[in-house]
Structures are given as C-alpha cells and as structure tokens.
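Here is a walk through one protein chain, taken piece by piece. Have the sequence and the coordinates open as you read.

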Amino acid sequence: MSMYALLRSSRSAPREEQIEECLAGNLCRCTGSSPDGEFICPSTGKPCSCGSKDLKEDTNVKETTTCINGYSPIYFSEVDGSSYVEKELIFPPELLLRKLTPLKLSGFGGLKWYRPLKLQHVLDLKSLYPDAKLVTGNTEIGIEMKLKRIQYQVLISVAQVSELNSLNESEDGLEIGAAVKLTELQNFLIKVVSERASHETSSCRALIEQIKWFAGKQIRNVASVGGNICTASPISDLNPIWMAAGAKFRMIDCSGKTRTAAAKDFFLGYRKVDLASSEILLSVLLPWNKPFEYVKEFKQAHRREDDIAIVNAGMRVSLELRDEKWAVSDASIVYGGVAPVSLPASNTEGFLIGKFWDQDLLQAAVKVLEKDILLKENAPGGMVEFRKSLTSSFFFKFFLWVSHQMKDKKFFAENICLSHMSAIQSSSKSPTTGCQNYEIRNHGTAVGSPEVHLSARLQVTGEAQYADDTPMPPNGLHAALVLSRKPHARIVSIDDSEAKSSPGFAGLFIYKDVPGGNNIGPVIDDEELFASEIVTCVGQSIGVVVADTHENAKIAARKVHVEYEELPAVLSIQDALRSNSFHPNTERCMAKGDVEHCFQSGELDRVLEGEVHVGGQEHFYLETNSSMVWTMDGGNEVHMISSTQ
C-alpha cells in the first residue's frame with residue numbers, strides 16, 4: 001500500500017531513493033510476490049517476453065537469462081487511469097471539493113473531540129478546557145492513550161487551523177507554524193536553501209538532514225513541529241537543533257496575548273515545558289545564519305531508518321578573524337539522550353568563546369566536555385560508556401566539519417588529515433538490490449520450481465483477510481487476559497467485584513472454568529493455561545475477562561484484584577548460583593584434547609579465564625496476534641481464525 005500511494009502521487013517515475021524512503025516505515029516479517037499473468041523472468045523477477053526464447057525443447061532444463069528491455073513500468077498519477085491495464089480508482093472529487101467545517105464529536109466516558117478551523121476558536125476552547133490536549137498527527141497522544149493508559153477528557157485537533165500552518169520568510173529568518181507537518185517543513189526548507197545565500201541557511205540544512213532520519217515517512221507526513229517540541233522528549237531529534245540554532249518559540253494565551261521564549265529556556269524538566277495551561281505554541285522563529293556561522297546535526301541510533309536516537313546533538317559555532325587567526329565568537333552545543341531534557345553543554349560553550357579554532361582547542365574542549373556532560377552508571381537507557389563516547393565523538397566530528405568548511409578561507413591554517421575525512425562525510429548507501437540465481441528443472445512436481453505461495457496475490461494487493469478484518473458475529477464478545485504482576489507468588493484470592501461493575505463486562509474465567517484439563521504444552525502438557533495456585537513470572541495468565549468491546553475488556557481485566565503471597569524469586573544468574581537453582585541436564589562444556597592432563601602437566605603457556613554477563617534483552621516486537629472463536633452445533637463444534645503462523 002505504501003508503494004501504491006507513492007506511484008499514484010508521483011508526477012514522474014519515483015527514484016530508487018524515494019522507493020526506499022517510502023518503504024522504510026514498513027517493518028515486515030513475512031512477504032510475498034505475485035505475477036501479473038505474464039511470463040516472469042526467473043533472473044529479474046519482472047514481467048518479460050523473453051521466456052519463449054529460452055526454452056530448450058530437447059532438455060528438461062530452462063536456462064535463465066537477464067532481461068534488460070523486456071519490462072516497461074506503468075505508473076504515475078493519470079487520474080483517468082488510461083495507462084493502467086485495469087482502470088484505477090481516483091481520489092473522490094467530492095472529498096477534494098468538500099468545504100471543511102468545525103467538528104465536535106463525543107466518545108466513550110465523556111470524551112470530547114473538537115476540530116476548530118480558526119485560531120480564535122482554539123483559544124476559546126482552551127479557555128473553556130484548560131487541560132485539553134492539542135493533537136495534530138496523533139503520533140504521540142495515540143501511544144499515550146493506548147499503551148500508557150493516559151486518559152484525556154478533551155482533545156482539540158489543530159491540524160486544519162490555518163494560522164498554525166503558516167510558513168513565512170522575513171529579513172530576520174523563518175516563521176514556522178506549530179502545526180506544520182515535518183514533511184511540509186522539509187520541502188519548504190529545501191526550497192529556501194535553493195533560493196537564499198548559502199551562509200544564511202546552515203541551520204536549514206541541518207534541519208533537512210535531521211528530518212530525513214526522523215522516524216519514517218508515514219510519521220513525518222502527519223507529525224507536527226509543535227507536537228515534537230511540546231512533547232519535550234529527551235531524545236527529540238529536532239529540539240537540540242532549535243536550541244543550538246538560537247530559535248525562539250512564540251506562544252499565545254487565551255486572551256490573545258503573545259510572548260516569546262528562547263528555545264534554550266523552554267524545556268524545564270522531563271517532558272515539562274514553559275507553557276501555561278492557558279497558552280498554546282504558536283510558531284517557531286528560526287534566525288538566518290551569519291557569515292562564518294555553522295550549524296550541524298548529529299544522531300546515533302540502533303539503525304539508520306525509522307528509529308529513535310541513542311544520543312543526538314545540535315551544534316553551532318560562529319568564527320571571526322582576530323590577529324590573522326580565526327577565533328570563536330559564539331558557540332552552542334546541545335545534546336539529547338544524556339539527561340531528562342535536551343541539555344546544553346554550558347561549560348564547554350563558555351570555554352570555546354574567545355579561543356582560536358585549532359587542534360589545541362579540540363583537545364582541551366573534549367576534556368571540558370567529559371566533565372560537562374555526566375552520565376551516572378545507572379542512568380536510564382543503559383549503554384552509559386557508549387553514550388559518553390558519543391558526546392565526544394560528535395564534537396570531534398563537528399570540529400572536523402567546521403574546519404573543512406573553512407579550508408579555503410584566508411588565514412585558516414587547520415588542515416584535516418585524509419584518515420579523518422570519512423568522519424565528515426554524510427552517511428549514504430547504495431539502493432538495495434537483490435538477485436536470485438537458479439536453474440528450473442522439471443521434476444513433474446512443484447519441487448525446485450519458483451512457485452508463488454498461495455496467499456501472495458492477496459497480500460501484495462492488500463486484499464488478504466486477517467483476523468481483525470473478519471466481521472464480528474452478532475453478540476460477539478472481546479477478551480482480555482488477567483496477568484500476573486508478581487515474579488513468584490502464591491495466589492491467595494481473586495476478586496472480580498469491581499470488574500463486574502465495569503461497562504460491558506460479561507464474565508471472568510479462571511482455571512476452574514476450563515473444560516477438561518487446565519494443562520497445555522506443544523509436546524508435553526507441562527504448563528497451566530491459567531495459573532491455579534502459583535505464578536512463576538510477571539505476565540503469566542491467571543484468567544480471561546470478556547466484554548462487549550476490546551477496550552471494555554481491557555479496562556475490566558485491570559480491575560480484577562488478585563491477592564498474592566510473595567515467594568522467593570530468582571531474578572538473575574547470581575541469584576540462581578546462590579540458591580543452587582539450575583535447569584537439569586543442561587550443562588555444556590567445550591573441550592579439545594585431554595584438558596585435565598594439560599592442566600596437571602604444568603606446561604601451560606598461559607591460562608585465560610573470565611566470564612561474560614549478558615543483561616536484559618531489549619525486545620523489538622513486530623507482530624501482534626489475535627484470534628476469533630465461535631461454536632456451532634450447540635457448542636460441540638469449535639471454529640477458530642488465528643493470525644498466528
């Protein structure tokens with residue numbers, strides 16, 4: 001579907017880089033491909049007309065060849081669909097022409113949702129509901145409400161408010177509306193960079209590069225500038241750049257009074273900003289850069305595309321000529337991922353000002369920086385040594401990059417050695433390619449032949465029906481599990497009285513309600529479906545609640561009170577050693593030769609010993625599962641659709 005949207009919205013053939021960018025937001029574990037009814041070239045996987053030429057009638061082997069000119073793509077955005085084999089649907093004109101109107105919707109539990117179109121309407125609503133949450137793309141609030149269980153009674157969508165979506169240039173710089181989408185900002189900055197003098201747009205280029213690696217394209221298409229700022233995430237990719245670039249944030253209160261605050265002063269604590277309940281963020285003011293002023297972005301993540309930062313940074317330095325040497329007149333160094341907020345390296349900034357830009361400055365500044373940005377050994381997020389090294393590494397790269405920008409300037413004598421040049425080059429990679437080489441041998445069966453798997457055509461067209469696509473039968477109920485909150489404990493009692501009063505509650509089922517046996521297992525029935533007396537881990541199933549909606553089922557499940565008698569828990573390898581707790585018959589020993597004789601001989605050259613400790617695994621969940629179950633024949637026959645493999 002991502003590819004389809006790209007093809008339909010493109011005015012020309014998409015570049016390979018655009019295709020990869022479009023697919024970067026898709027995290028998929030299972031893929032399929034589908035033929036178009038034409039011969040599929042076995043070496044390229046594309047439709048072609050070369051197949052008949054490659055058949056050797058005297059053998060049962062087909063030789064594979066690579067087609068170059070046999071495939072011509074059909075694409076783009078002709079609304080009449082004339083270039084498609086089958087007519088393509090166009091975007092409904094009535095929706096394009098539809099006039100926007102303010103909306104008010106009511107939801108479960110008294111939830112109110114507004115969509116104003118004018119700034120004044122937003123301010124009126126904010127005056128009426130000071131605790132209302134403003135939402136644009138729902139990329140953060142959706143997570144808060146669904147996964148963190150935060151409840152907001154009033155939501156105000158500002159995505160269509162024209163005053164918050166403005167992008168303006170002036171003599172002083174750019175004014176960026178708080179509701180501007182990140183994709184729109186990126187395109188606007190690219191246009192600005194192409195039209196303005198190069199020295200004025202160093203901050204713009206840093207933002208363009210950082211936005212490129214901000215989440216995925218699907219997120220950037222809906223996420224807003226103001227949403228990212230006000231979320232105040234300590235690993236925000238953009239906030240360190242706003243701060244380093246000297247940006248200012250403009251706020252407006254319910255009475256229409258505006259004020260401006262420097263980005264560096266806006267972030268007060270963990271997800272806490274200098275914004276009163278009666279105020280909203282109106283716009284961002286980004287100043288033009290002066291000659292010999294340089295701004296650079298940095299980000300290190302687990303993977304390049306569609307990932308959050310481990311550490312990021314925004315850095316700015318202004319240089320001036322003094323006594324035929326280039327000295328620092330102003331500097332700003334801001335890091336993300338090292339503190340509860342985006343953190344300026346204030347001591348380092350002060351140290352840099354007035355110093356000459358040379359190797360002595362680099363060596364001394366790194367020492368100051370190591371004391372300026374402190375990470376405790378137990379800092380949230382772990383990887384403390386790695387994160388410490390990144391702060392110095394980023395500054396080292398910044399020094400090299402600025403030196404490279406200044407290399408042709410008069411009186412600038414700092415040269416970069418060739419071995420360091422790779423540190424200032426932007427990360428890039430060739431477009432992804434794939435190739436399959438095989439012979440097709442006819443064995444009279446599908447074995448050895450490149451068959452399309454049965455569900456491929458439905459999957460690649462988006463027509464595959466999953467469990468969640470199946471209509472619920474009349475009076476169908478949704479289920480949610482009651483899970484253990486203790487690692488090792490005896491279940492004393494289960495109280496469902498509060499759950500029974502929950503909206504839509506239909507029932508709670510525990511171990512004694514299971515027909516037949518309560519034990520399950522893939523080979524040996526050695527575990528309980530629902531814990532009956534003892535729980536042995538957090539998250540173990542104790543029971544299941546059913547209700548009229550999935551949300552109601554989850555709410556009711558959280559209201560089931562389980563009383564525990566806690567038992568000793570083994571939570572680490574050290575605990576296991578102390579309590580002599582081992583899995584039976586699992587000892588493994590690698591040996592080569594007569595090890596005991598070797599040790600007893602006393603002729604060992606050297607002995608190496610040690611241990612390796614592996615901490616908790618940081619899981620990356622890709623696939624949620626669901627099932628639908630119904631009975632027939634008076635309950636004697638059970639049908640189930642499951643999304644598992």
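Where does F411 lie? F411 sits in the loop that runs between α14 (384–405) and β17 (440–441). Keep in mind that this is a predicted model. The phi of F411 is near 70°, a positive value in a residue other than glycine. With a relative accessible area of 36%, F411 is partly exposed.

A232 has a positive phi too, of about 55°, and is not a glycine either. You'll find A232 in the loop between α9 and α10. Is A232 buried or exposed? A232 is buried, at a relative accessible area of 3%, under the 20% cut-off for that label.

## The largest nonpolar core

Nonpolar side chains in soluble globular proteins tend to be buried together. Here, the largest nonpolar core holds 39 residues, and the ones touching the most other members are L174, V225, I229, W242 and F249.

V225 is a handy place to look around. Skipping neighbours within four places in sequence, V225 is in contact with I176, G177, A178, V180, L182, L185, W242 and V284.

## How α6 meets α7

The axes of α6 and α7 come within 9 Å and cross at roughly 145°, and the crossing is left-handed.

Which residues do the meeting? From α6 there are L182, L185, Q186, L189, I190, V192 and V193, and from α7 there are C204, R205, L207, I208, I211 and K212. L182 and L185, on the α6 side of that list, also turn up among the contacts of V225.

## A buried lysine

K299 belongs to strand β13 (residues 293–301). K299 counts as buried because its relative accessibility is 10%. What does its side chain reach? A polar contact of 2.8 Å links the side chains of K299 and D237, and the K299 side chain reaches the backbone oxygen of D307 at 2.9 Å.

Around these, and leaving out residues up to four places away in sequence, K299 touches Q210, W213, F214, D237, R304, D307, I308, A309, V311, N312 and F394.

## An open sheet and a hairpin

4 strands make an open sheet with mixed pairing, in the order β2-β3-β5-β4. Why is one side of β2 (103–106) and of β4 (133–135) left without a neighbour in the sheet? Both stand at the edges, each with a single partner strand, so one side of each has no neighbour there. On average, neighbouring strands of this sheet are turned by 20° against each other, direction ignored. β4 runs parallel to strand β5 (residues 154–157), and 3 bridges join them. In that pairing L134 stands opposite I156 in β5.

Further along, strands β26 (residues 627–632) and β27 (residues 637–642) run antiparallel, joined by 6 bridges. The two form a hairpin with 4 residues between them. M632 has E637 in β27 as its bridge partner, and in the turn D633 has a positive phi of about 55°.

Definitions and conventions. Residues numbered from 1 in each chain as written. Predicted model: local features only at pLDDT ≥ 70, side-chain atom pairs only at ≥ 80, totals over all residues. Heavy atoms only, no water. Pairing = 2+ DSSP bridges. Core = buried A, V, L, I, M, F, W, Y, C linked by side-chain atoms within 4.5 Å. Buried < 20%, exposed > 50% of the residue type's maximum accessible area, 1.4 Å probe, protein only. Contact = heavy atoms within 4.5 Å. Polar contact = N/O pair within 3.5 Å; in protein donor to acceptor, adjacent residues only side chain to side chain. Axes fitted to C-alpha atoms, helices over the stretch in contact; angles between N-to-C directions. Left-handed = near helix turned anticlockwise from the far one by under 90°.
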